[in-house]
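Subject: Structure for you, with notes

Hello,

Here is the structure I promised to pass on. Please open it before you read the notes.

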Amino acid sequence: MEIEESSRRGLLTLRNPAGDTEHIRTEQQETDRGRYLIERARALQGRWVLVFRYNEKASATKQVRMLAHLMDLGDGAIAVNLAKKILTDDAGGSLPRAQTAWVEAGLPDSGAITVEQLERARAKLGVDTGGLA
C-alpha cells in the first residue's frame with residue numbers, strides 16, 4: 001500500500017494465490033472515503049480479502065480500477081456458494097474437478113466455511129495456498 005504522488009490516491013497491490021498482481025486505487029487521501037479505504041487496506045495487508053471494485057474513466061481512452069470495499073476473509077467465514085465459485089474458478093471452470101476437491105476436503109454442502117477449509121480444498125486442486133493448507 002502506497003500513496004501515488006501524482007494523484008494522492010492510495011495504490012494497492014493485490015496478489016492472487018497464483019502470484020499474479022493487480023493494482024487498484026482508492027479515492028484521494030484527502031477525502032474521508034479515501035482516508036478510510038487507505039487505513040482499511042493497510043490494516044488488512046497480507047490478509048485474504050474479498051475486493052469490490054469498479055472502473056473509473058481516467059481519460060477518453062483509459063479506465064482505472066477503483067476500490068469500493070474490502071472484506072476481510074482471514075478471520076471470518078465464507079458462504080459455501082462463494083467458496084464453491086472460487087474453487088470452480090481455480091479448477092479452470094471444471095465443475096467435476098472442483099466438486100471432487102470439495103468432497104475430498106470434507107466440506108459441507110451448505111452454510112459457511114473458514115478460509116482455512118477453502119485453502120484445503122484449493123490444495124487438492126494443486127493451487128499454491130501459501131502454506132495455509
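First, the ground rules. This is a predicted model: local features need pLDDT of at least 70, side-chain atom pairs count only at pLDDT 80 or more, and totals for chains, interfaces and linings use all residues. Residues are numbered from 1 along each chain as its sequence is written, and side-chain values use heavy atoms, with hydrogens and water left out.

The whole chain

The chain has four helices and seven strands. These are DSSP runs numbered from the N terminus: helices are H or I with at least four residues, strands are E with at least two. In sequence order the pattern is β-β-β-α-β-β-β-α-α-β-α. The C-alpha trace spans about 50 × 30 × 25 Å along its principal axes.

Of the 133 residues, 33% are buried. Buried means under 20% relative accessible area, exposed means over 50%, and partly exposed lies in between (1.4 Å probe, protein chains only). Take the contacts between residues at least 6 apart in sequence: 45% of them join residues at least 24 apart. Contact means heavy atoms within 4.5 Å.

Helices H2 and H4

H2 covers residues 80-90 and H4 covers residues 115-124. They pack at an angle of about 25 degrees, with axes 10 Å apart. Axes are lines fitted to C-alpha atoms, for helices over the stretch in contact, and angles run from 0 to 180 degrees between N-to-C directions. H2 and H4 are therefore roughly parallel (under 35 degrees; over 145 is roughly antiparallel, 65 to 115 roughly perpendicular, the rest oblique).

Which residues make the contact? H2 supplies Ala 83, Ile 86, Leu 87 and Asp 90, and H4 supplies Leu 118, Ala 121 and Arg 122. Five of these residues are nonpolar, none polar and two charged. Here Ala, Val, Leu, Ile, Met, Phe, Trp, Tyr, Cys and Pro count as nonpolar, Asp, Glu, Lys and Arg as charged, and the others, Gly among them, as polar.

The buried residues of H2 are Val 80, Ala 83, Ile 86, Leu 87 and Thr 88. Their cover includes strand E6 (77-79), helix H3 (95-104), strand E7 (112-114) and H4. After H2 comes Gly 92, with a positive phi near 65 degrees.

Val 49

Val 49 is in strand E4 (residues 49-57). Its relative accessible area is 23%, so Val 49 is partly exposed. Leaving out residues up to four places away in sequence, Val 49 touches Leu 44, Leu 70, Met 71, Asp 72 and Leu 73.

Best wishes
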